[in-house]
Structure formats: C-alpha cells, structure tokens
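Subject: Structure handover and notes

Dear colleague,

Please find below the structure that I promised to pass on to you. My notes on it follow directly after, with the cut-offs given wherever a term first comes up.

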Amino acid sequence: MPNRSSLDQELVSLRGLIADMANRVDEQFADAMNALLQGDVELAEQVVAGDDAIDALELRIDEQCERILALHSPVAVDLRMLIMAVKINTDFERIGDHCRNLSRNARHLADAPGLLADTRLPKMADMSRTMLREAEMAFLENDRLKARKVIARDLQVNRLHEETFATLVEMCENGHERSEIIAHLLTVSKALERISDHAKNIAQSIVFMVEGRDLRHRGLDEDADAPENLPPLDASSESFSQEP
Amino acid sequence: MPTNESTEDAPRTPPPASAEEPSANGRPDASERPDTESSAAGGEAPTEPAMKPKLNINDLHFWYGDNHALQGITMDIQPHKVTALIGPSGCGKSTLLRCLNRMNELIQGTTLEGTILVDGQDIYAENTDPVMVRRRVGMVFQKPNPFPKTIYKNVAWGAEINGYTGDIDALVERSLRQAALWDEVKDRLHTNALDLSGGQQQRLCIARTLAVQPDVVLMDEPASALDPIATSKVEETITELKKDYTIVIVTHNMQQASRISDETAFLYMGRLIEMNPTDQLFTRPEKDRTEAYVTGRFG
C-alpha cells in the first residue's frame, strides 16, 4: 500500500519541477524567435547558453521519477503520471535543443534583415508556441480537451512547414542571391515543425495520464474525442507574426 | 452497517468536459469500457469466454449473526489461474474465501444464501459431504501450522486418513516437489517439521494440502508472516502450482497480488466492486473506488 501523504508530496514536487521545465523552455522559445526576427546575436547566444540549465533540469526530473518509482511502486493513475513525466521531460528537453538550434541561425539571418519576416515562419512560430503553451496549461490543469486541441493543431503547423519548404526551394530555383540564408531558413522551418511535434507528444502523454488511452500512431479520425472544428488561433501575448 | 447506496460505485468517467468540447461524440469510455456490473455479474468479460469456470459463485450472501458480511457476490473463477481477492480489512475477502470450502459453517450463528458451484456441482447442496468439499478445495492459512510431527508425517497424514492406497513415499515426494521444498528437506524427511524455517514450514503446509490432491487451493495471506526471501519462494511456488491447480488467494499486499495473480477481485463492504485481469486492474481500473484503493487514497 503506497504511503499516500509521502507519495503525494513527491508528486507535487515532481509536478513543480516539470512546470519549471515547461516555463524555461517556453522562455527559450520566445527568446530564440525574437533573436532571429530582430537579428539579436547577443540574445541568441544567451539562448544557446541557457540550454545547459534545461539539460540539468531534465536529469533532475528523471532522477525524481526514478526515486518515486523505486520507493513508492505507484500504480494506476500515479503510474501513468510517472510514465507521462518521463516522456514529457524528454520532449521538453528536445524542444530546448531546437530552440538552441534556432538561435544558431541568428548570426546568419542578421545579414539579411526582413527576409525571415517575409516568410510564413513567424506564423509557424506563433502556432508552435501556442501549442507549447496550451500543452503546458493542459499539464497544469490535467485538461484532456486542451491536450486534444494541441494534437489537432500539429497538422496546421505541418502544412505551413510544407508550404514554407516549397516557397524557399522555389526561391533557390529562381536564383535568389542569398541561397545560404535560404538554407538557414529551411533549418528554422524544420526546427519549428519539430517543436510542434514535441508539443503534440506532450499533449498525447497528458491524455494518456488522464484517460489511460494511448493516442500515439493513430489518426485524429480514430479518436472519438478529437475536436472537429478548432477555434481560430489564440493570439499569443507575444506574437512573432506581423499579420493583422 | 453501510447502506447499499454507499457502496455502489459510479462508472469511471473522465474529468468533465469544458464548454467548447464537441460533445456529440459522447464519452470516450462508453463504447470501450465494459460495464463492471455486468462483467462482474455475468463473468463474461475478464477472461477467455470459452473456458469453463472452475468455481461459479452466484448471488452469494453471508451473515455472521446480524452482520451481513457478503452482499450478493457473483463471480467466476477460472481454472489454472491465480485469482487474488483484495480489499480493506473487513471487506469480506477472507469470509468469501472460507465460503469456498465450507469452512465458515464451522462458526456458530452464520447463514449463507446463494450458490457456489465447483465444476458445476453445488457444494452447499444437501447431499454434498463437506469433508469431500474440503478435500477438493484445500486451504493454506496465514500462519504456517505444521503438526508437531516429522516432515514426512505432515505430508502423508491427510492422505493416510483419507484411505490413500497408492505409494505414500511417491505421494510425499511429489507433493514436496510441487511445493518447491523437496530439495531442501529430502535428506531430513524424518526430522521434526517445527525445526524448519517459517518459509519452509509454509511450503510444507502447501505440500500437505496438495497431498490430498485437491483441484482448488485457497490461500489466506500465505506469505504475510514470512520474510521477503521466504515470501518470494512461496510466490514462485504459487506461480508453479497454477499449472495443476486453481488458486484463490487473499492478500493485503497489493504488490503481491499484482505480481502473482492473473485475475484480481476488489471487494469493499461485502460487495464485489470490480473483477478484472490483474494487469488491467492495476493500470486502468474501471471504478474510481478501485483506483482510490490500489493507489492508497483510501483503505
């Protein structure tokens, strides 16, 4: 029989660490995109340096999960919470890595101000960040519906990535003079697409914890609870896109 | 005494939907999760439906005087499986176990209603001999209780008084081997059983039960008085025994239930709340009350 009060304390502390992780990753993402858009190389370097703290936090969260599994032998919803924690920890850390990778493009993009803003990348960044934030909220509130919306949004980001990819390739084919910069924009697009994938993974893990249902590797049409019509994208408090 | 209402569990539902949720699709669980009431009552859901149950318990009620200890238990117990009965103290799990071989009727002032079939035969029918029932449905108790006699005599005794005419030496060896004790005692069969360690004594009691050649073995907390190593030996023995026997075990140790049993039944206040394959019951219990119990939130 688990010692409930001690297990509860451990779980509260674990959730606190994950919330901290989610916050830091979200800040890194905002900083990375602002560094790119504003050509702010110094801010980009801060993001690269900040990744170490996220890596350290990943290890701490994993240790805490291992401790709880070893000492409390959790079952049912507690066990699913632990399985979720281990998985979303990795997803957050990977998003942190992509933020670092995004920032590494800043120096190159600083030479061509405005080129990034002319693409759909700021829009993609907005959507990915909304997904990340909603995934974070879904985690904090154990909200399976919010989580499902995140999962549905991933398709939109994938579509934008495909569009952006095609546009950038076309620019190259048309003999754009800054083909190197376009190559950097392609890596930005891929990184944003991967961030939204990780946000989707996080949301799937949350649904697994709350309902015990594993939504991975299934189409949305196989999920009876999938939101049919997504409301328009919520305006982020900090929007990367210049569109009205 | 609690009312019936308080023990009835609502079907497990996910947290409430928020306003913008498209509710047309309904609850995610409605189509997939079987209704426990029907799965517990009909016994059709948890295991392979083709298998004929070894024990069939139907609307079993049991009273100690005025105390209504079992309130309408209906469940099937499958052959060659380990079925664990779990639940907080006083939930009726030991009472249920003792009903399965008519041990409870040795207690004054008790009343039983409902039926228990072993291989389709009503063990409480008027023409059924309780001694025969206990021979077919053996029992191992919480504390090892060997007779103050030799190891050999402990195992042979039950068979001898039952008029066993076969080779007693072979029966003793077979029973001790099945109880995973033979290698440890084969050179000292004629020494006092009370000189064995606690874990060995418990396995001797298992061997003694097996020597009478039952079909079903009931175990009431068989490892609760043992240290971890002896516990693990007894657990390994139980896992081995299900090849030849049907096992029903009462345990307070939920990790033990999850380690060794195939099916788990959760009882609460004399009622069966949920019976399901053990891996399901400990990962995705159907009922909120089961989840609260296995995660230690109550009980």
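Helices (H or I, at least four residues) and strands (E, at least two) are taken here as DSSP runs, numbered from the N terminus. On that basis the secondary structure of chain B comes to 13 helices and ten strands.

Before the details, please keep in mind that this is a predicted model, in which local features need pLDDT of at least 70 and side-chain atom pairs count only at pLDDT 80 or more, whereas totals for chains, interfaces and linings use all residues. Residues are numbered from 1 along each chain as its sequence is written, while chains are lettered from A and ligands numbered from 1 in the order in which they are written.

**Chain B: overall and the sheet**

A residue is called buried if 20 or more other C-beta atoms lie within 10 Å of its own, exposed if 12 or fewer, and partly exposed in between, with C-beta atoms placed from the backbone. By this count, 43% of the 299 residues of chain B are buried. Two residues are in contact if their C-beta atoms, again placed from the backbone, lie within 7 Å, and of the contacts in chain B with a separation of 6 or more, 69% are between residues 24 or more positions apart.

Two strands are said to pair if DSSP finds at least two bridges between them. Chain B has an open sheet of six strands with mixed pairing, in the order E6-E7-E8-E3-E9-E10. Strand E6 (137-140) and strand E10 (271-277) of chain B each have a single partner strand and stand at the edges, so one side of each is left without a neighbour in the sheet. The twist from one strand to the next averages 20 degrees, where axes are lines fitted to C-alpha atoms, for helices over the stretch in contact, and angles run from 0 to 180 degrees between N-to-C directions.

Within this sheet, strand E3 (residues 82-86) of chain B runs parallel to strand E8 (residues 246-250) of chain B, joined to it by four bridges, and B:Thr83 has B:Val248 as its bridge partner in E8(B). Four bridges also join E3(B) to E9(B), again in parallel, with B:Leu85 opposite B:Ala265 in E9(B).

Strand E9 (residues 263-268) of chain B has six of its six residues buried, so it is largely enclosed by the rest of the structure. The buried residues are B:Glu263, B:Ala265 and B:Leu267 on one side and B:Thr264, B:Phe266 and B:Tyr268 on the other, so that both faces are covered. E9(B) pairs with E10(B) in the antiparallel sense over six bridges, and the bridge partner of B:Phe266 in E10(B) is B:Glu274. These two strands, E9(B) and E10(B), form a hairpin with two residues between them, and B:Met269 in the turn has a positive phi of about 50 degrees.

**Chain B: helices beside the sheet**

Helix H9 (residues 198-211) of chain B lies across E6 and strand E7 (216-220) of chain B, running at about 170 degrees to E6(B). H9(B) also packs with helix H10 (residues 228-241) of chain B at an angle of about 20 degrees, their axes 9 Å apart. The contact involves residues including B:Gln202 and B:Ile206 of H9(B) and B:Val234 and B:Thr237 of H10(B).

**Chain A: core and helix packing**

A nonpolar core is a set of buried Ala, Val, Leu, Ile, Met, Phe, Trp, Tyr and Cys residues joined through C-beta atoms within 7 Å. The largest such core has 135 residues, and those with the most contacts inside it are A:Leu36, A:Ala135, A:Ala203 and A:Ile206. Helix H7 (residues 179-211) of chain A contributes the largest share of this core, 14 residues. Leaving aside its neighbours within four places in sequence, A:Ala203 is in contact with A:Ala135, A:Ala138, A:Ala147, A:Val150 and A:Ile151.

Helix H5 (residues 121-141) of chain A packs with H7(A) at an angle of about 20 degrees, with their axes 9 Å apart. Among the residues that make the contact are A:Ala135 and A:Ala138 of H5(A) and A:Ala203 and A:Ile206 of H7(A).

**Two loop residues**

A:Asn142, in the loop between H5 and helix H6 (144-173) of chain A, has a positive phi near 50 degrees and is partly exposed, with 15 other C-beta atoms within 10 Å. B:Arg102, in the loop between helix H4 (93-99) and strand E4 (110-118) of chain B, likewise has a positive phi, about 60 degrees, but counts as buried, with 20 C-beta neighbours inside 10 Å.

Best regards
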